[in-house]
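Here is a short report on one protein chain. Look at the sequence and the model, then read on.

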Amino acid sequence: MQLIVTLAVKALLTLSFLSLYRKDGLGVELAYWGLTYAAFSIGFVDVGLLQFHAGCTFLYGACFQPTLPSWLWEFKMAFGIFLFGANVVASLTIAINIKNLFTTHRGFYHKVFRNE
């Protein structure tokens, strides 16, 4: 379920930045989010490879094989918490982008980071 939420957040984040870039000009913020989610994708693939190598039938689901490393469960929990945190921060960024789309006030962010 968390991966479906992540896909929706990534799509909304991309749309919000593209519409903001169309209004204000290009920036690099979306690239940083892309790198963040690429790192999460690498972690997801690593968990899947370890579980597949241990003989699990699911790449990310529950696995009770005796050959599975004992630390993998804690890693999966930490991975899920960090992914949830990234999705929350991305959702806040989407809200800020939408607010900036419909307001003309230039706040601190635009004065400092966009040199306006």
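Helix H1 covers residues 2-24, which makes 23 residues. At 1.5 Å a residue, H1 should span 33 Å, and its end C-alpha atoms lie 32 Å apart, so the two values agree. The expected span is 1.5 Å times one less than the number of residues. Helices are DSSP runs of H or I with at least four residues, strands are E runs of at least two, and both are numbered from the N terminus.

This is a predicted model, in which local features need pLDDT of at least 70 and side-chain atom pairs count only at pLDDT 80 or more, while totals for chains, interfaces and linings use all residues. Residues are numbered from 1 along each chain as its sequence is written, and side-chain values use heavy atoms, with hydrogens and water left out.

The chain has 4 helices and 0 strands. From the N terminus on, the order is α-α-α-α. Gly25 follows H1 and has a positive phi, near 105°.

Which residues of H1 are buried? They are Thr6, Val9, Leu13, Ser16, Phe17, Leu20, Tyr21 and Asp24. Buried means under 20% relative accessible area, exposed over 50%, and partly exposed in between (1.4 Å probe, protein chains only). An α-helix has 3.6 residues a turn, so residues three or four places apart point the same way. Val5 also lies in H1, but Val5 counts as partly exposed because its relative accessibility is 37%.

The largest nonpolar core holds 12 residues: Val9, Leu13, Phe17, Tyr21, Trp33, Tyr37, Phe40, Phe79, Leu83, Ala86, Ala90 and Ile94. Such a core is a set of buried Ala, Val, Leu, Ile, Met, Phe, Trp, Tyr and Cys residues joined through side-chain atoms within 4.5 Å. H1, helix H2 (29-54) and helix H3 (72-102) each supply at least two of its residues. H3 gives the largest share, 5 residues. Ala90 touches Val9, Leu13, Trp33 and Tyr37, leaving aside residues up to four places away in sequence. A contact means heavy atoms within 4.5 Å. A second, separate core has 6 residues, including Val47, Ala54, Cys56 and Leu68.

Some values for the whole chain follow.

| Property of the chain | Value |
|---|---|
| Buried share of the 116 residues | 29% |
| Accessible surface | about 8,100 Å² |
| Share of that surface on carbon and sulfur atoms | 75% |

Accessible areas come from the Shrake-Rupley method with a 1.4 Å probe. Among contacts between residues at least 6 apart in sequence, 61% join residues at least 24 apart.
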